[in-house]
Amino acid sequence: MNKLYAICGDVDDFCQTFLLAWKKHLISSSIKQRNKPFCFFVSEVLTIVIAFHQSGYRDLKTYYIHFVCHYLLNKFPKLISDLHKRFLMQI
């Protein structure tokens, strides 16, 4: 679990820096983007994807259903409910 906290901290630091620079780039280049508010953080999604790649699972759906929903539900409460609905709709 300490490994997850370390990943989460690094990803959060990266997202804080990158997302600000990305927004400035989009504004200066006049590329139109939707500004729909998220109900979860980008860093949470990235943390789960990075943890998936380190886990040894073969596909994200199996990792999500069998690991994230069972063991990480208390770590990402908002993310899980929203992504769970989206995964079930798409797959």
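Axes here are lines fitted to C-alpha atoms, for helices over the stretch in contact, and angles run from 0 to 180 degrees between N-to-C directions. Keep that in hand for the helix pair below.

This is a predicted model, in which local features need pLDDT of at least 70, side-chain atom pairs count only at pLDDT 80 or more, and totals for chains, interfaces and linings use all residues. Residues are numbered from 1 along each chain as its sequence is written, and side-chain values use heavy atoms, with hydrogens and water left out.

Start with the whole chain. The chain has four helices and zero strands. Read from the N terminus, its elements run α-α-α-α. Helices (H or I, at least four residues) and strands (E, at least two) are DSSP runs, numbered from the N terminus. Of the 91 residues in the chain, 25% are buried. Buried means under 20% relative accessible area, exposed means over 50%, and partly exposed lies in between (1.4 Å probe, protein chains only). A contact means heavy atoms within 4.5 Å. Take the contacts between residues at least 6 apart in sequence: 58% of them join residues at least 24 apart.

Now look at helix 2. Serine 43 lies in this helix. Is serine 43 buried or exposed? Serine 43 counts as buried because its relative accessibility is 8%. Leaving aside neighbours within four places in sequence, serine 43 is in contact with Val11, Asp12 and Cys15.

Leucine 46 is also in helix 2. Its relative accessibility is 31%, so leucine 46 counts as partly exposed. With neighbours within four places set aside, leucine 46 contacts Val11 and Cys15. Leucine 46 and aspartate 12 are 34 residues apart along the chain, and their C-alpha atoms are separated by 9.0 Å.

Move along helix 2 to phenylalanine 52. Phenylalanine 52 has a relative accessible area of 10%, so it is buried. Not counting residues up to four places away in sequence, it touches Tyr57, Arg58, Asp59, Leu60 and Tyr63. Phenylalanine 52 and tyrosine 64 are 12 residues apart in sequence and 8.2 Å apart in space, C-alpha to C-alpha.

Next comes the helix pair. Two packed helices are described by the angle between their axes and the distance between the axes. Helix 2 and helix 3 pack at about 100 degrees, with their axes 10 Å apart. That makes helix 2 roughly perpendicular to helix 3. Angles of 65 to 115 degrees count as roughly perpendicular, under 35 as roughly parallel, over 145 as roughly antiparallel, and the rest as oblique. Which residues make the contact? Helix 2 brings Ile48, Ala51, Phe52 and Ser55, and helix 3 brings Leu60, Tyr63 and Val68. By class, the contact has six nonpolar, one polar and no charged residues. Ala, Val, Leu, Ile, Met, Phe, Trp, Tyr, Cys and Pro count as nonpolar, Asp, Glu, Lys and Arg as charged, and the others, Gly among them, as polar.

Finish with a pocket. A pocket is an open set of points on a 1 Å grid over the protein atoms alone, where a 1.4 Å probe fits, with protein on both sides within 12 Å along at least five of seven lines; lining residues have an atom within 4 Å of a point. Grid points are joined across faces, edges and corners, and a volume is the space filled by probe spheres set on the points. The second largest pocket has a volume of about 210 Å³. Of its 11 lining residues, Lys3, Leu4, Ala51, Tyr63 and Phe67 are the closest to its centre. Helix 1 (2-29), helix 2 (42-55) and helix 3 (60-71) each give two or more residues to this lining.
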